[in-house]
Amino acid sequence: MAKPKVATTSLAGCFGCHMSVLDIDDRILKLIELVQFDKSPIDDIKKFTGRCAIGLIEGGCCNEENVRVLQDFRAHCDILISVGDCATMGGIPALRNMVPLQECYEEAYLKGPTVHNPARLIPNDPELPLLLDKVYPCDEVVKIDYHLPGCPPSADTIWEALVALLTNKPVQLPYELVKYD
Amino acid sequence: MSATIDFTIDGKEIKGQPGQTILEAAQQAGVYIPRLCYMKGLTPWGSCRVCTVLINGRPQAACTQPVAPGMVVESNTDKVNALRRNIIDMLFVEGNHFCMFCEKSGNCELQALAYRLGIAAPKYPFMFPKRELDMSHADVFIDHNRCIQCARCVRASRDVDGKHVFDFADRGAHRRIAVDAEAFLKDTDLAVTDKAAEACPVGAIVKKRVGYAVPFGQRLYDKEPIGSEIETAAAK
Ligand code: SF4
Ligand code: SF4
Ligand code: FES
């Protein structure tokens with residue numbers, strides 16, 4: 001039987017949650033036995049090759065590209081998991097949600113103390129993904145099946161959840177493994 | 001005369017004392033009822049409703065409701081815990097709770113209740129309100145982003161410290177904790193040794209220069225859920 005496929009992505013995140021996946025140490029060998037990675041920065045596959053059993057989402061949505069990737073994951077994955085505080089609640093990038101978008105641009109490109117921008121231009125190239133008005137947690141954009149909070153969630157948290165799902169067991173994590181920090 | 005007042009919580013027989021609240025009688029018997037605005041030593045306030053129980057089928061706040069003979073109380077049931085989860089969810093989304101850099105994380109009662117009730121993420125959309133910081137005082141700061149309006153600081157200052165430094169200003173969604181001076185916390189007579197400076201269940205009133213004093217794994221609620229101290233004390 002073909003191994004179930006797992007896809008991962010980092011949206012508005014810092015790759016810390018992906019580091020936490022790698023932090024399962026030598027269990028990664030066991031994981032490779034259990035699953036095959038599809039679209040993911042771990043193997044650098046850019047496009048889905050087919051249907052996936054599980055999609056791991058790091059980061060919330062801060063721009064239109066994040067939204068498209070997230071919708072693509074929803075379309076291709078049976079189970080979608082928000083991994084980390086940014087995916088589940090917006091996280092650090094959502095600190096800008098209390099500031100109007102225009103003010104964020106001005107601070108970043110015009111007023112910030114370290115800004116050198118003699119042309120006084122705010123980047124507006126069509127190649128750049130358009131920023132959303134706010135940073136959105138994933139479940140405000142698509143349906144999410146499981147949430148694994150944490151900044152990042154510990155390797156054990158991610159491991160336990162994956163193993164439970166891959167072996168068709170309920171995801172019941174012990175108390176110490178569900179934390180918001 | 002000290003006849004006990006007998007009633008049940010989730011089928012367990014409890015012997016309360018006259019004048020006790022349900023929450024206190026339960027606690028004495030080793031039954032933990034979740035709470036946020038309640039704090040031992042302060043006048044019960046009854047505002048957060050996290051301690052909601054069903055008494056003979058009707059919802060009441062266990063921290064204000066006195067014990068009465070023959071009451072049938074439901075507390076740790078799916079139905080009641082679902083109500084509590086909704087309250088905790090709402091408290092999270094109506095403020096700005098960035099636990100990953102909050103000094104209170106690991107020792108925070110709001111966070112601990114979310115853990116105990118099994119909340120992986122709040123189910124409501126986040127409001128991300130714009131709230132202020134008051135860093136003016138030399139030893140204590142207010143972070144309004146994290147205030148859940150439990151009034152523990154209000155009562156601690158008024159009733160224990162005898163100062164009335166804090167109270168609420170504005171109404172409805174704009175209601176917020178405020179200090180009794182025109183301007184900022186520095187203009188009040190709040191001292192870092194006041195009860196009010198340590199009454200906050202969350203990271204809204206915080207002592208400066210303490211920071212992240214206790215390492216991960218050793219904080220109050222890292223290993224055991226909030227309330228287990230009450231449950232295990234009774235088991236011994
Ligand atoms: S006050 Fe509590 S819930 Fe809010 S950010 Fe701090 S630790 Fe998290
Ligand atoms: S500042 Fe803290 S103690 Fe005071 S009302 Fe807000 S949450 Fe409660
Ligand atoms: S603890 Fe009873 S209403 Fe808050």
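For the classification of the ligand shells, Ala, Val, Leu, Ile, Met, Phe, Trp, Tyr, Cys and Pro count as nonpolar, Asp, Glu, Lys and Arg as charged, and the others, Gly among them, as polar. The model examined here is predicted.

On this basis, the shell around ligand 1 comprises seven nonpolar, four polar and one charged residues. The residues surrounding ligand 1 belong to chain B and include the cysteines C99(B), C102(B) and C108(B). Also in this shell are F92(B), H97(B), F98(B), S105(B), L110(B), Q111(B), R146(B), V202(B) and G203(B). Ligand 2 is surrounded by 13 residues, of which the closest are C147(B), C150(B), A151(B), C153(B) and C200(B). By class, 11 residues of the ligand 2 shell are nonpolar, one is polar and one is charged.

G203(B), a member of the ligand 1 shell, is also among the residues touched by D143(B). D143(B) is located in strand β7 of chain B, which covers residues 140-143. With a relative accessible area of 7%, D143(B) is classed as buried, because this value is under the 20% limit.

In chain A, helix α3 consists of 13 residues, 64-76. At 1.5 Å a residue, α3(A) should span 18 Å; the C-alpha atoms at its ends are 19 Å apart, which agrees. Five names make up the buried set of this helix: N66(A), V67(A), V69(A), L70(A) and F73(A). Viewed down the axis of α3(A), these buried residues fall within an arc of 165°, so they line one face of the helix. An α-helix has 3.6 residues a turn, so residues three or four places apart point the same way. The N-terminal end of α3(A) is capped by N63(A), a side-chain oxygen of which lies 3.1 Å from the backbone nitrogen of E65(A).

E64(A) is in contact with L128(A), a residue of the loop between α5 (101-111) and β6 of chain A. The two residues are 64 residues apart along the chain, and their C-alpha atoms are separated by 9.7 Å. Leaving aside neighbours within four places in sequence, L128(A) is in contact with P123(A) as well as E64(A). The relative accessible area of L128(A) is 44%, and this residue is therefore partly exposed, the value lying between the limits of 20% and 50%.

Methods
Residues are numbered from 1 along each chain as its sequence is written. Chains are lettered from A and ligands numbered from 1 in the order in which they are written. This is a predicted model: local features need pLDDT of at least 70, side-chain atom pairs count only at pLDDT 80 or more; totals for chains, interfaces and linings use all residues. Side-chain values use heavy atoms; hydrogens and water are left out. A residue is near a molecule or strand if one of its heavy atoms lies within 4 Å of it. Helices (H or I, at least four residues) and strands (E, at least two) are DSSP runs, numbered from the N terminus. Buried means under 20% relative accessible area, exposed over 50%, partly exposed in between (1.4 Å probe, protein chains only). Contact means heavy atoms within 4.5 Å. The expected span of a helix is 1.5 Å times one less than its number of residues. The arc is that of the directions from the helix axis to the C-beta atoms. A polar contact is a pair of N or O atoms within 3.5 Å; within protein, one must be able to donate a hydrogen and the other to accept it, and residues adjacent in sequence count only if both atoms are side-chain atoms.
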